[in-house]
Amino acid sequence: MSRNDRNHVGRRGFLAGAAAVAAAGAAPSLGALAAATPAAAAPAAARPNILVILTDDQPKQTEWATPKTVAWLADRGVRFTAGHVATPLCAPSRSSIFSGRQAHNHGVLDNSSPYNLDQNTTVQRYLKQAGYRTGLFGKYLNAWHAADNPPHFEEWLLESPVVYNDGTWNDNGTVHTIPGYSTTVIKNRTLAFLDKAATDPRPWFAFVAPKASHEPNTPEAKYADTPVPAWNGRPGVTEPDRSDKPDFIQNATATLADAQALRRRQLRTLLSVDDAVQAIHDKLAALGQLDNTLVFYLGDNGYTWADHGWLKKSVPYRPSIEVPFYVSWPAGGLGSGTTDDRIVANIDIAPTILDAAGITPNTPQDGHSLLGGYRRDHLLVEWWKHGTAAGGPHTWSSYVSDTRQYTEYYQIHTDAAGKPAGTGSVLFREYYDLVNDPHQLTNKLYQATPQDEQQLGIPALAAALAADRTG
């Protein structure tokens with residue numbers, strides 16, 4: 001098949017998917033989706049390859065370290081400027097990518113309960129059953145046992161525990177140590193998987209997940225001392241008064257200097273990710289598969305750089321819940337270097353993949369395909385406290401729109417089985433005007449009167465949030 005033929009077939013599939021979404025209007029109910037049967041997949045020649053590149057703890061404002069990634073996937077793809085995660089924590093976020101579901105629906109609420117994920121709901125199950133060659137390379141789900149093979153992957157190199165150097169890997173069922181820097185190990189195994197496309201006509205799905213830029217943010221030796229551009233913080237870092245914030249934020253102690261040191265380490269680890277992405281790009285070009293490969297690049301959650309004194313993730317503030325989010329698929333019309341300001345999230349990846357592959361799910365999904373014109377007016381973001389130890393964030397859920405954010409904190413935690421427990425009572429609330437207060441400095445619910453709450457529309461927001469949490 002010529003390059004022009006690949007473009008024509010892929011774009012026709014993309015336009016058909018977009019038309020179907022537009023014709024459907026509102027998304028079907030979860031019950032309707034569950035009752036559906038899988039549609040016959042599109043002909044193999046028309047189906048795109050699928051590549052998901054997922055970094056770990058990568059916030060926005062890190063593009064300095066990934067210029068080659070940006071040049072390929074953003075400058076010649078689509079940059080989603082309002083990319084989010086539905087839960088700012090590793091295992092729940094990854095489970096949302098695989099399943100297209102919110103954490104309260106897929107059941108992986110914390111980093112201790114990966115086996116709560118129903119593997120029948122995963123995109124890898126759909127793709128493998130539809131004839132795709134499937135591969136996983138790098139980090140899978142936190143607390144996954146190294147000896148357990150990841151379901152519905154034909155090939156894998158799964159690291160557990162996840163470290164930067166000389167890690168322990170489940171290598172297609174054999175657990176052993178592989179020397180070397182983990183990002184390079186992942187890159188090399190991914191390239192070997194791609195090489196098989198020269199003789200295997202099946203479309204493929206590759207999930208590529210380096211440890212970078214997670215703590216301890218250990219850079220590759222060649223980048224250990226690379227100079228990093230200076231950064232002098234943002235208004236949330238030097239917030240003068242946090243009395244309107246929840247207790248754990250009032251007690252937070254991270255400084256600008258702490259953030260600057262962390263940022264340097266993060267950026268240096270991402271330089272190796274950028275090298276790996278370039279190598280993958282070059283391999284796809286050599287194979288003639290660059291045009292008809294649907295590529296996603298994002299972080300599994302963001303990270304605060306001492307915003308409000310917090311130097312972690314897991315909080316309902318923009319640096320924690322927003323991530324870099326790029327998509328490229330030239331044969332599907334996503335190759336012209338555009339920006340898209342829709343609120344999108346990791347729950348949208350699985351629906352987009354299945355839409356592109358011509359597969360109708362028979363399990364429920366909360367996300368929506370990005371190939372059509374669907375535009376949500378807000379997103380549910382949620383997080384659970386694990387256990388009852390003092391300190392750290394309380395369980396929370398948040399209504400996030402382009403212009404405002406409303407958050408409730410609850411007396412809830414997850415137990416040893418990763419299940420929610422507690423009274424559910426509301427402990428604290430926040431409301432931010434994101435247009436006039438993008439750094440979330442002023443919680444308008446602090447010392448607010450009932451009249452103030454009415455004017456802010458809090459009753460309606462609380463009702464919407466309650467409906468989202470049970471939807």
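Good morning, colleagues. The model is predicted, so to speak of local features we require pLDDT of at least 70, side-chain atom pairs count only at pLDDT 80 or more, and totals for chains, interfaces and linings use all residues. Residues are numbered from 1 along each chain as its sequence is written, and side-chain values use heavy atoms, with hydrogens and water left out.

I begin with the sheet. It is open and has 10 strands in the order β6-β5-β4-β3-β7-β1-β8-β9-β2-β10, with mixed pairing. Strands here are DSSP runs of E with at least two residues, and helices are runs of H or I with at least four, numbered from the N terminus. Two strands pair if DSSP finds at least two bridges between them. At the edges stand β6 (174-181) and β10 (338-345), each pairing on one side only. On average, neighbouring strands are turned by 20 degrees against each other, direction ignored.

Within the sheet, β3 (residues 133-138) and β7 (residues 204-209) run parallel and are joined by six bridges. In this pairing, Thr-134 stands opposite Phe-205 of β7.

Helix α4 (residues 90-99) packs on the sheet and touches β1 (49-55), β7 and β8; its direction makes about 170 degrees with that of β7. Contact means heavy atoms within 4.5 Å. Axes are lines fitted to C-alpha atoms, for helices over the stretch in contact, and angles run from 0 to 180 degrees between N-to-C directions. Helix α7 (residues 182-195) lies across β3, β4 (155-159), β5 (165-171), β6 and β7, at about 170 degrees to β3.

I turn to the aromatic rings. How many aromatic pairs does a search of the whole structure find? The search finds 16. Rings of Phe, Tyr and Trp (its six-membered ring) pair if their centres lie within 6.5 Å; planes under 30 degrees apart count as stacked, over 60 as edge-to-face and the rest as tilted. Phe-248 and Trp-310 form an edge-to-face pair, 5.4 Å centre to centre with 75 degrees between the planes. Both residues are buried, meaning under 20% relative accessible area, where exposed is over 50% and partly exposed lies in between (1.4 Å probe, protein chains only). Tyr-297 and Tyr-326 are stacked, at 5.6 Å centre to centre and 15 degrees between the planes. This pair links strand β8 to strand β9 (residues 325-328), 29 residues apart. Tyr-297 counts as buried because its relative accessibility is 1%.
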